[in-house]
Amino acid sequence: MRWEKRGEGAFGAWLLRPAPPIWQLAAAGVLVAVAVSVSVRTADGGMDNAIVVRAADALLDGRSPYADKRFLYFPSAVLMAVPEALVPVGVQRVLVPPGTSALLAVGWWAALRIFSVPLRSRFGVLGLAVLAAAYQPYANLVLLGNWTCLSAAALPLALLAAHRGRWVRAGLIVGAAVAAKPMLVPVGLLFVFARRWRGLAAVVLVPLGASLLGAALMPRPSLFFTGTLPFLLRGQDSFALPWDASPVAVLPRLGVPQPAAVAVAGLLAAAGLGCAWRRWRRADEGPQRLVETACMVMLAAFLVSRPSFDHYLLVVLPLLLASGVRDGSMPRSPWFWLALVPQTAGIPWPSEFENKKRAFRDMATLCSLAGLLAGRALRGRRVTLEPVTTAGSPPRTEPECAATPVPSASRTAF
């Protein structure tokens, strides 16, 4: 991959140059420091990861994983957690935090590749380091060891495959991620928009087949439908409620009646899906169509899902950040960075917005990003007027009525 400057401006060209080795070393040091600081604070590799490992332990002991009401994934996730359950807890404590960081780095690498940005560029090196150091949900995700990290790696990888025309491979990647955690189920709409039915079949059949196999190997798999699914649809319980950033959970804490909160969240999600369809129909060139449509679908799902935690945004945020190499992209707007302020680490927020009331700040970021992306989806295509020369007449330099549509933010990074 050649390092070139193609009219992205002085600052943009500076970001796309190779990062000095000392920068690469410093960025790696930031990632290691986050993982190490987390590993000394956990005893079992992260609370959320431990829940899945306990489910695998229950399967190995002949018990139903769904006897634990905290285990909310498909039966296929139990099978995927069995290898980790065979590892001693002390080893999990050491390996899970850097493994979580590594998966987030894979997602960042794939997001950069979508926009033809080398990982060793200043943008690639600084972007991941700043995300790890300054974005608070990054450290929260590594601390919990939540399997959201698999979705954060899978979505950029799937979009990279789709961008290259390999939709079946993209479907297999999304299907494998859904088998681990059903977070990327809404991405199936992207395959519907694109009419890529083989890819959609992979999205459905991979987790379905793995879940049927897992259910066949465990006792009382019906507990998933009689206990786990109703518990999940109710939004879990008071343990998860303080951290739930979904409007369905936050608005009632502000005095809005629960039915009204559900209606508001449902309308917001429906509007988001409509904006995603509108963005897809604006069939401009380049990868931004794929990226912005997929991110809009996921943000719409986060608006209505229960629960919706702060680290969920790490599924879409690397993709949006990587698009910043394109003119007119969302990160080129100051409003994008203002939306991230509530989740920025190191800001001395008042005590009422810390700890169990942090969900108010998380909802503000979620709604702001969804609104900004929806506004971009509803924006019309730009046109440029070019000189027109007719037969038998001298060249004319003034604009004519003939207009050539120019896709928004379609220039390549190099």
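In the classes used here, Ala, Val, Leu, Ile, Met, Phe, Trp, Tyr, Cys and Pro count as nonpolar, Asp, Glu, Lys and Arg as charged, and the others, Gly among them, as polar. The model is predicted: local features need pLDDT of at least 70, side-chain atom pairs count only at pLDDT 80 or more, and totals for chains, interfaces and linings use all residues. Residues are numbered from 1 along each chain as its sequence is written, and side-chain values use heavy atoms, without hydrogens and water.

On a 1 Å grid over the protein atoms alone, a cavity is a set of points where a 1.4 Å probe fits but cannot get out; a pocket is an open set with protein on both sides within 12 Å along at least five of seven lines; lining residues have an atom within 4 Å of a point. Points are joined across faces, edges and corners, and a volume is the space filled by probe spheres set on them.

| Space | Volume | Lining classes |
|---|---|---|
| Largest cavity | about 50 Å³ | six nonpolar, two polar, two charged |
| Second largest cavity | about 40 Å³ | eight nonpolar, one polar, no charged |
| Largest pocket | about 1,200 Å³ | 27 nonpolar, five polar, six charged |
| Second largest pocket | about 590 Å³ | 15 nonpolar, four polar, three charged |

The lining of the largest cavity includes Phe 309, Asp 310 and Tyr 312. Phe 309 and Tyr 312 are also among the residues closest to the centre of the largest pocket.
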